[in-house]
Amino acid sequence: MNCLEIDQVLDDFVAGDVTPDERGAVTAHLESCPTCRAAAASVQRLFAQAKARLLPVEPEHDLWPGIAARIDAARPARRYSARRPVLAAAAVILLAAASVVGVRLAGRPSGGAMTRAHVDRAGTAAPASYEFAQARATFATARRQLVAVFQSRRGMMSPQTVAVVEKNMRAIDEAVREMEAALARDPGNADLPALLVAVYGQEIDMLQGVATMPQQLMPQQG
Amino acid sequence: MRAAQAGDLCAFEALYRQHVGRVHGLCLRMTGDRDAAEELAQDAFVRAWRKLPGFRGESAFATWLTRLTVNVVVSSQRGKRRQAPWAARAASAAPATGPTLSVTRIDLGRAIAGLPPQARHVFVLHAVAGYGHGEIARALGIAVGTSKAQLHRARKLLQEVLQP
């Protein structure tokens, strides 16, 4: 073999992808040719560096949220369990109550803060008090059921998902507490009942998302 | 692994965390493009999720995932045939901090990114992923002789630009 032929087979030689005859011929040439010996060493270094240095490369952004979203989007339609219609019904009642509260409040002559007369006629804290009380009771019932479902499933959810749900629940509960306290201080406030029902709805929506999460996205037990 | 195969997304996320560096790195080295690499790495994991139930464990999971990633990259590149002019890439890869630093000092990753596409694919599959020429030929849809010629070309270009 001459130097040109050696150059053609150096990649395979370094990779060990040569026949015993070729190996013998290349080795014999390298022993007598310092130029080709240096070239072989250079090829060896290049491949060793490539193998050692080029992987892994972490991406600049976490790709998982995009991957999970695409997997989620491609999955079959949600399967509902026997108890989900009950939960859905609770949310429907809540929404209906919310709309009644909204209509009542929007239809008030003043359109602004309620007068003491409105409050007195209703006999409770607000003119739409019956609907509001219904909404609040429905919310409490739906929330209890949904929190129970969440608690029963939390062991099957990723710690990140549990943390996100709990963080949102804390934020919503805090908002509810603040609004209820404000309503207690200012029972004639025109806007707070509708806002409260909207916040109740947010929490129910989020918890329903957890309750109706398809089984295939949950880790298998056992 | 079994949990992920059975549809456990959390278990699959754990596999993602374990292998994303290799999958993304392979995409990056094969494309030479960071944005494309992130997109293709996502594609590879989405495809892996779909195909995971069919993984029989005949090879190591990392090997299976590497093969799948290579297929994803090659399919995406087939239609594009994007050319990355070697000279322009090499010039842009050269540090601009002064005459004492020359083009020969550019790092290997950037040098590989500047290779012509087919030479880059063959070099990465051979030197980085550990493929033989037969596997490379099958993966890229080329002849074994072409794979050898492209590896030789890639190695020559890299030595030229990297030599001290």
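Tutor: Let us begin with contact, which means heavy atoms within 4.5 Å. In this predicted model, the contact takes 39 residues from chain A and 41 residues from chain B.

Student: Which residues of chain A lose the most area to chain B?

Tutor: They are A:Leu54, A:Leu55 and A:Trp64, which together account for 18% of what that side buries. Between them, chain A and chain B bury about 3,700 Å², with 62% of it on carbon and sulfur atoms.

Student: Why is the pair A:Arg70 and B:Asp43 called a salt bridge?

Tutor: The term requires a side-chain nitrogen of Lys or Arg within 4 Å of a carboxyl oxygen of Asp or Glu. The closest N and O atoms of A:Arg70 and B:Asp43 are 2.8 Å apart, and 2.8 Å is within 4 Å, so the pair meets the definition. The count between chain A and chain B is 7 salt bridges.

Student: Which elements give two or more residues to the side of chain A that touches chain B?

Tutor: They are α1 (3–15), α3 (34–53) and α4 (64–74) of chain A. Of these, α3(A) gives the most, with 9 residues. By class, that side has 20 nonpolar, 9 polar and 10 charged residues.

Student: Where in chain B is confidence lowest, and where is it highest?

Tutor: Confidence is lowest in helix α5 (residues 86–93) of chain B, at a mean pLDDT of 38, and highest in helix α3 (residues 34–51) of chain B, at 94. Chain B as a whole averages a pLDDT of 82.

Note on methods
Residues numbered from 1 in each chain as written. Chains lettered and ligands numbered in written order. Predicted model: local features only at pLDDT ≥ 70, side-chain atom pairs only at ≥ 80, totals over all residues. Heavy atoms only, no water. pLDDT = per-residue confidence, 0-100. Helix = DSSP H or I, 4+ residues; strand = E, 2+ residues; numbered from the N terminus. Buried area = accessible area lost by both parts, 1.4 Å probe. Nonpolar A, V, L, I, M, F, W, Y, C, P; charged D, E, K, R; others polar.
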